[in-house]
Protein chains: 4
Amino acid sequence: MDHVNGSLNRKLKMGLVGGGQGSFIGRVHNIAAILDNRGELVAGALSSSPEKSKASAPFYDIAPERAYGSFQEMIEKELKRPANDRIDFVTVATPNHMHFPVAKAAAEQGLNVICDKPLTFDLKEAEELAKIVEKNKVVFAVTHNYTGYPLIRQAREMIQAGELGEIQAVRSNYIQGWLRTKLEDSDQKQAAWRTDPSKSGIAGAFGDIATHAYNLVRYTTGLIPAEISCTLKTFEPGRKLDDYGHAVIRFDNGGLGTVTASQISHGRENDLTLEIDGTKASISWRQEEPNHMYVRRNGEPWQVYTRNPGAPFTTPISSASSRLPAGHPEAFFEAFANVYRFAYDAMIQRAAGEAFEMRDTIYPNVYDGIDGMNFIQQCVASSRENSAWVPLKHSACRK
Amino acid sequence: MDHVNGSLNRKLKMGLVGGGQGSFIGRVHNIAAILDNRGELVAGALSSSPEKSKASAPFYDIAPERAYGSFQEMIEKELKRPANDRIDFVTVATPNHMHFPVAKAAAEQGLNVICDKPLTFDLKEAEELAKIVEKNKVVFAVTHNYTGYPLIRQAREMIQAGELGEIQAVRSNYIQGWLRTKLEDSDQKQAAWRTDPSKSGIAGAFGDIATHAYNLVRYTTGLIPAEISCTLKTFEPGRKLDDYGHAVIRFDNGGLGTVTASQISHGRENDLTLEIDGTKASISWRQEEPNHMYVRRNGEPWQVYTRNPGAPFTTPISSASSRLPAGHPEAFFEAFANVYRFAYDAMIQRAAGEAFEMRDTIYPNVYDGIDGMNFIQQCVASSRENSAWVPLKHSACRK
Amino acid sequence: MDHVNGSLNRKLKMGLVGGGQGSFIGRVHNIAAILDNRGELVAGALSSSPEKSKASAPFYDIAPERAYGSFQEMIEKELKRPANDRIDFVTVATPNHMHFPVAKAAAEQGLNVICDKPLTFDLKEAEELAKIVEKNKVVFAVTHNYTGYPLIRQAREMIQAGELGEIQAVRSNYIQGWLRTKLEDSDQKQAAWRTDPSKSGIAGAFGDIATHAYNLVRYTTGLIPAEISCTLKTFEPGRKLDDYGHAVIRFDNGGLGTVTASQISHGRENDLTLEIDGTKASISWRQEEPNHMYVRRNGEPWQVYTRNPGAPFTTPISSASSRLPAGHPEAFFEAFANVYRFAYDAMIQRAAGEAFEMRDTIYPNVYDGIDGMNFIQQCVASSRENSAWVPLKHSACRK
Amino acid sequence: MDHVNGSLNRKLKMGLVGGGQGSFIGRVHNIAAILDNRGELVAGALSSSPEKSKASAPFYDIAPERAYGSFQEMIEKELKRPANDRIDFVTVATPNHMHFPVAKAAAEQGLNVICDKPLTFDLKEAEELAKIVEKNKVVFAVTHNYTGYPLIRQAREMIQAGELGEIQAVRSNYIQGWLRTKLEDSDQKQAAWRTDPSKSGIAGAFGDIATHAYNLVRYTTGLIPAEISCTLKTFEPGRKLDDYGHAVIRFDNGGLGTVTASQISHGRENDLTLEIDGTKASISWRQEEPNHMYVRRNGEPWQVYTRNPGAPFTTPISSASSRLPAGHPEAFFEAFANVYRFAYDAMIQRAAGEAFEMRDTIYPNVYDGIDGMNFIQQCVASSRENSAWVPLKHSACRK
């Protein structure tokens, strides 16, 4: 057995920006990064407050001297360390408005980046970031983490192989209830920045979760969007951004898609669903029970594809995205780690001076990030124009 | 125990129009009508072909002399029979284009009517029919049969009692797959008339099934529609009517609704779902598992309301719509029969010369039928205008 | 289309014994009998009290003159009516201790019988009844109604066709909660007689519901039982019969079966499950969601067989046991009616003087009834002997 | 925020025995150990073959000099390292026959131990091991990992708090299909040792998986077993150990339990279920959908407890066993890591010279391991005596 990190022959070193006290996603990145024994968290700028940053370090077992007061300091000081003892990549787990400056600073110094979604504060930043990534030829992953589920990758591979025929209709809903009350008025960090336009951007639920739903549609079907009609709502009085919304998408091939997002549905937790209708078969999948996927064909018994690595019916990338035998459920962390797993492959190739895929990656990349930002921008634009159809295609995006 | 048919003291007599060979819904009406031992099928005009009509009679155990060659003949000859030995009501189970003439003829002769949905061929007919019903003061039910499920009625009663708070968002999908291929080109009676604009009307999937979804939204929430934006598609080449579509509804109270209908989703059978978001609780229900309904509130365990007549949590009309103890599943026929059950109550009241409810009925009535026809008309209108918002409110409809 | 009642050319006439006020199962028999328009309820001895019997008649729309004071009177007077205007069969819906006398009286007069389960009060009666049935050559069905579910019949046909290979293990549980409290001390008719050894027989939960589970095992797999070890419990203090129990069965072929029954499991409604392991495939089914059955094979996606009459994968008797297209759920009543459906076929053959199947019937017959009584007797015997293995095979039973 | 490793102020260091090429469980231990950033894998004796051991090291990122040729060598050489730079604990992930010698060697040197289940090769070894643990006062955890699921801990806490009343009946099944064919004849490492009595011990399926089911019953309900009747089967011809079996347990309080285990059920993956009946409520849970647990009470809607840390209804240890908000599913790895999480707490206490719990631990301990070995021994004993009742209580076990 060769080292799983190939010729690099050591774990990849991660510097985390964001993720201080009260953060949920910082910890998720941490676990995802180390799960396969291929990465280690060695440095951090965990908070915009240097004191909080240092105070949070022990939780991540980051050595005090590598718990930095700012991301600028982290990048600067890490780059002064010996080549084999400094961070290989920066993970950006801050609120949205900080994604761009951090990612830019890292990429410009040649550091690989793993960045939370939505990619940036606005589309313009996203487009600029893509140019920086291209110029500096760094590995860049966006944690549209739901693409990491083995059965989502199975769906994508089955569709690419033509098993579903032509895709004509897609429905993806993302239903939550946690912002049913005005949580942002209490001291709830997660709610506070997500509903604050100065940190979150122009969209609330649509920026936070509808982008995931849209991303899944694009990732699995590969359908090229043509135009979109969107209706956003803010049901919780006084809230500054949408907490509910609905979009209809016309695809280039004549297909029709719908995306619904809610953060005000009582008791609904994280109910992201995907339904795909092809001329030969249909698919249904639900994030809260991610180890099963329904494949149906008229006149046949329904099929339940279980996450079952190595089974005759399991596609190659789906198999390569599993860690456990069938029936031993994998879930959110493992899917998240699958974004890292394939980004790590690219980082190792890059470290070895080898060519690595930048566009048609298994993990979501900077172009998928642009796709998401374009989606957000055009949803808001359409909604402001009374749900008018507006264009959705972006030249940079994955085909 | 008094006779369940009250002072009438006998079963109600049914005359069936439509339902000849190859029909599915005629048989359903028959079973629904007799299930509670309160009705009997005694006469029929089962087909537009007199020969077929007579040939189909034995299947329904209709006596040869009461198997008529046309609905006109049935009405005429039945009315000549002694008062206690003729039909009390006419069930209309024909393709859509025949609903109006049959229902009109029956109502004008003072016969009660149970009519398939959508109510008529177009909205104008529906409006005219309502006037005839009002003038003749007959009992008139429309078989939006899914309202008959006990848990749908439970949802309605809970919402009316304020248990969900204000309703803000509703989603209803109706997903089928049986028209995935161009079945109408084969000798399939069900597919043939449903895809034929001369028999079905201006809409396909939206007339056939989206109306059910819309009806459930209206029946359970009572929300008043303001305007609608609709996008219809015909995915099967050469088909004359829509086989897929999507509508967004703005309600008077600021709420948002979505309705999706598909007949081209492989392997999907009759998957009608309903999700309702209120400020106090949310509800989810699925027709294919009709004996369970999820009620959720933030911070509490989910609740699964089972169909459980007499239980402390079961609402009165829901209890009155059940025939079996919990865990002994009831399904499609029983729900259908619940439309009949409550229409029968009204027929018996009418027969006894008592007042009976015509507007706020438990069963769907002629005004709900208008509501559905208005929905179809405005969906098609919106879709033709590039999904423009068009008004949806109709003055006649249930509030 | 010929008359569905063949050369008989009329509905079969039913006389109901039992089913008076407070009865649940009488009503079920009634609906099952008429559901297909092939039977009608014309006479009844609805209660052991002549007054209650007559008072209950209007609920069933039984004419006053045919509401009899006793089953003896019903049989006697009905037989004096003209041949085409008297009952063709007697349905026995009384508590267990009355099954034998009623069924015996009917069969000896040449009347067909549909009898509730368990067949009789004890095994001896069951064996005697079988002889009477054989001698009088009447049609005799026992309402082990869960065999009527189309997918249970599908399982049986698939197993008979060898699709599951050799059957090695079977598990069937029947879990209820309604007797969690001592309901028999209140005025609850259902609970009262079921927990009274003078009416129910030697077993409680095992007589009432474990027999159904055992019957399903035998009906679907055809495995021949060799011996049984059983442990019965009475958890509710003061109750006279078992309300919980468990049995292990060794089959002739070396296979192993388990049956568990509970009436004390909080909130569990009528949760009858069946799991079958064959050398080629396994099957799982659950009564509370009867329209779906899982078929699994190692290395393949799971299959969900839906109730789907006419589909290529649906077996002939399963198709013939459905009334609605897939996705339009059928449930308890329809399954119950499927016992009647196939017993009616035999009654019509008998009426026409044709030969009819008496042993290998699609519906459960008198021999299945013996099988169930033998099961009850041997379970109690084993339990009394500290769960010792006791023989289970009975020479009369279906192979 | 203090360091999550308290005054130890560093990660705990793990030495892994077993887990070489082809192992599944070694990798699971590794991920579980590091998931919370509190442990690191630094040394290994990964295979009984020194070459394989070294070859496997890079996969775990174990430095070559700490990839040892035998567990004896690992323990000896690690103990020569500086106190803060040597292993704190040994994880035993070998086939069963090696558990005892490895665990004994580690414990006798004062190293903490995390050991796979079943605890040892036979009961005698288990009893001896407990004495060694007691004498050396090391932390000792057994990876009955399913106890790590937050909702299993919730069930335990609810039962301890009396929310279910007295527990009367428990059913736990563990159904798999992977040994349906004689996989041990091919080159499948997992199958080979599990079906080999010289490595696995006296039981097959019952040693491998029924112990988990039994452990869950004991862990959640705390019921004290009195006696057991067991029937083991080997369905796959030529297999040396049981691949199917069934046990009935009588508890001290009069309650009844059943445990079924199968490895020959086609397509069944890892279907461990638990059903508990108390006098006040019942619980149902299923490992393949571990984030939901049904709690039922007569007369009330069913409740679905979701894994929802911090929610008002979530019990303390259940909350402390979660890492993600509700709806972000956790699964097998996280449950496994929860055994480590609480064992780590004890190791840190021990390292600080503090007292630590050894008997009533949240994680399964050496006494639970004895309980499991006693279960296996008595199951086999009963089965050999024609399913006779044999005693099941063991004085050492958790009450």
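Predicted model: local features only at pLDDT ≥ 70, side-chain atom pairs only at ≥ 80, totals over all residues.
Across the interface of chain B and chain A, 2 salt bridges are found. One of these joins the side chains of Arg268(B) and Glu275(A), with 3.3 Å from N to O.

How many residue pairs are in polar contact across it? The count for chain B and chain A is 37, with both residues of each pair at pLDDT 80 or more. On the side of chain B that touches chain A, the elements giving two or more residues are strands 6, 7, 8, 9, 10 and 11 of chain B. Strand 6 of chain B provides the largest share, namely 5 residues. Sorted by class, this side of chain B has 20 polar, 12 charged and 11 nonpolar residues. In total, 43 residues of chain B are in contact with 43 residues of chain A. The two chains bury about 3500 Å² between them, and 47% of that lies on carbon and sulfur atoms.

I turn now to chains C and D. Arg171(C) is found in strand 6 of chain C, which covers residues 167–175. Is Arg171(C) buried or exposed? Arg171(C) counts as buried because its relative accessibility is 4%, and the cut-off is under 20%. Its side chain makes a polar contact of 2.8 Å with the side chain of Tyr244(D). Arg171(C) also touches residues of its own chain, including Thr258(C), Glu275(C) and Asp277(C), and residues of chain D, among them Asn173(D), Thr260(D) and Arg268(D).

Next, some points of backbone geometry. Most residues other than glycine have a negative phi, and most peptide bonds are trans. In chain A, the peptide bond from Lys117(A) to Pro118(A) is cis, with omega near -15°. Pro118(A) lies in the loop between strand 4 and helix 5 of chain A. In chain B, the bond from Lys117(B) to Pro118(B) is likewise cis, with omega near -15°.

Asn37(C) has a phi of about 65° and sits in the loop between helix 1 and strand 2 of chain C. Asn37(C) is buried, with a relative accessible area of 2%. Lys137(C) has a phi of about 50° and lies in the loop between helix 5 and strand 5 of chain C. Lys137(C) counts as exposed, at 53% relative accessibility.

Finally, the record. For residues 13–144 of chain A, an unreviewed UniProt entry lists "domain: Gfo/Idh/MocA-like oxidoreductase N-terminal". This span of chain A is 38% helix and 19% strand, and its end C-alpha atoms lie 21 Å apart.

How values were computed. Residues numbered from 1 in each chain as written. Chains lettered and ligands numbered in written order. Heavy atoms only, no water. Contact = heavy atoms within 4.5 Å. Buried area = accessible area lost by both parts, 1.4 Å probe. Salt bridge = Lys/Arg side-chain N within 4 Å of Asp/Glu carboxyl O. Polar contact = N/O pair within 3.5 Å; in protein donor to acceptor, adjacent residues only side chain to side chain. Helix = DSSP H or I, 4+ residues; strand = E, 2+ residues; numbered from the N terminus. Nonpolar A, V, L, I, M, F, W, Y, C, P; charged D, E, K, R; others polar. UniProt positions renumbered as here; feature names shortened; annotations may be inferred. Buried < 20%, exposed > 50% of the residue type's maximum accessible area, 1.4 Å probe, protein only. Lists of a residue's contacts leave out its neighbours within four places in sequence.
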